[in-house]
Amino acid sequence: MSAHSWIRRGCDVAWCPGCGNHGILKLVGETLAELALDPQRTVLVSGIGQAAKLPQYCNAHYFNGLHGRALPPATAIKASNPGLTVIAESGDGDMYGEGGNHFLHCIRRNPDLTNIVHNNMVYGLTKGQASPTSQRGFVTPLQVGGVILEPFNPLAVAIALGASFVARVYVGQAEHARTVLRAAIRHHGYALVDVLQPCVTFNKHNTYPWFAAHTAPLPEDHDPTDRIQAFARACEEEPLRLGIFYRQEKPVFEEQLAAYAGDRRPLYERRVDLAKLAETMDAMG
């Protein structure tokens, strides 16, 4: 299946010309094609926002949830049908702001899904207020004196919580980004890929030239199995490092569920024992 057939043609794309979301859509389509995944067994899940529109432009199953609520249904979809490839994607506000609590506990559960976050350091859908990852001093229509809060560091948080795969890429370095995305989707467990991208309309500071000047690959001697080293690299502010910071093998959420202890069939293939269900409900009063 070609990269182009993963991406819907002829639909009304709501993103501004030059938006980094266009590049991420292309990266996702090319990566899924390179992996030769079955679109009938691939599900994209998102919340609300400009980034969350990406599944609507792909030829695959998708579920759009509530603001900040992409990860719970993505986890449930994977748990109910472990044979699916599940990708949860949304923006930095949706995943790290409104969805921050779900982000934390999804890492703890370690479901076998890929979490792609479009990180443009601003809220693009709601007209440019600061997002959790906005840098100090960033002036917006709401933060007229500049952002005063410490930016949320998703990589450091994920590593601290023991995430099984943590990476960051920049949309302007497509070949490297595809390599990391392939590794993330192939990874068995929760995989975070924070994708740096410009918002050409509402963020005039973190532009394509800015990202090019303020990002750099992880050193060649970086050991992604060394959690302490990975955490230290994730805390670096200048430059913003790109690559796979950390990965480990650990038990996967859905494989530990009692429902699969003696039966590996996905839930939709099983018949409901109505008599047993009625007995259970009666016992609960």
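Which residues does V193 touch, not counting residues up to four places away in sequence?

View 1. V193 touches N115, I116, V117, F165, A167, V169, V180, L181 and A184, where contact means heavy atoms within 4.5 Å. This is a predicted model, in which local features need pLDDT of at least 70, side-chain atom pairs count only at pLDDT 80 or more, and totals for chains, interfaces and linings use all residues. Residues are numbered from 1 along each chain as its sequence is written, and side-chain values use heavy atoms, leaving out hydrogens and water.

**View 2. Strands 5 and 8.** Strand 5 (residues 165-170) and strand 8 (residues 240-247) run antiparallel and are joined by 4 bridges. F165 stands opposite R247 in strand 8.

**View 3. The largest nonpolar core.** A nonpolar core is a set of buried (under 20% relative accessible area, 1.4 Å probe, protein chains only) Ala, Val, Leu, Ile, Met, Phe, Trp, Tyr and Cys residues joined through side-chain atoms within 4.5 Å. The largest one has 39 residues, and F165 and V193 are among those with the most contacts inside it. Helix 2 (20-34), a DSSP run of H or I with at least four residues, supplies the largest share, 6 residues.

Definitions and conventions: Two strands pair if DSSP finds at least two bridges between them. Helices (H or I, at least four residues) and strands (E, at least two) are DSSP runs, numbered from the N terminus. Buried means under 20% relative accessible area, exposed over 50%, partly exposed in between (1.4 Å probe, protein chains only).
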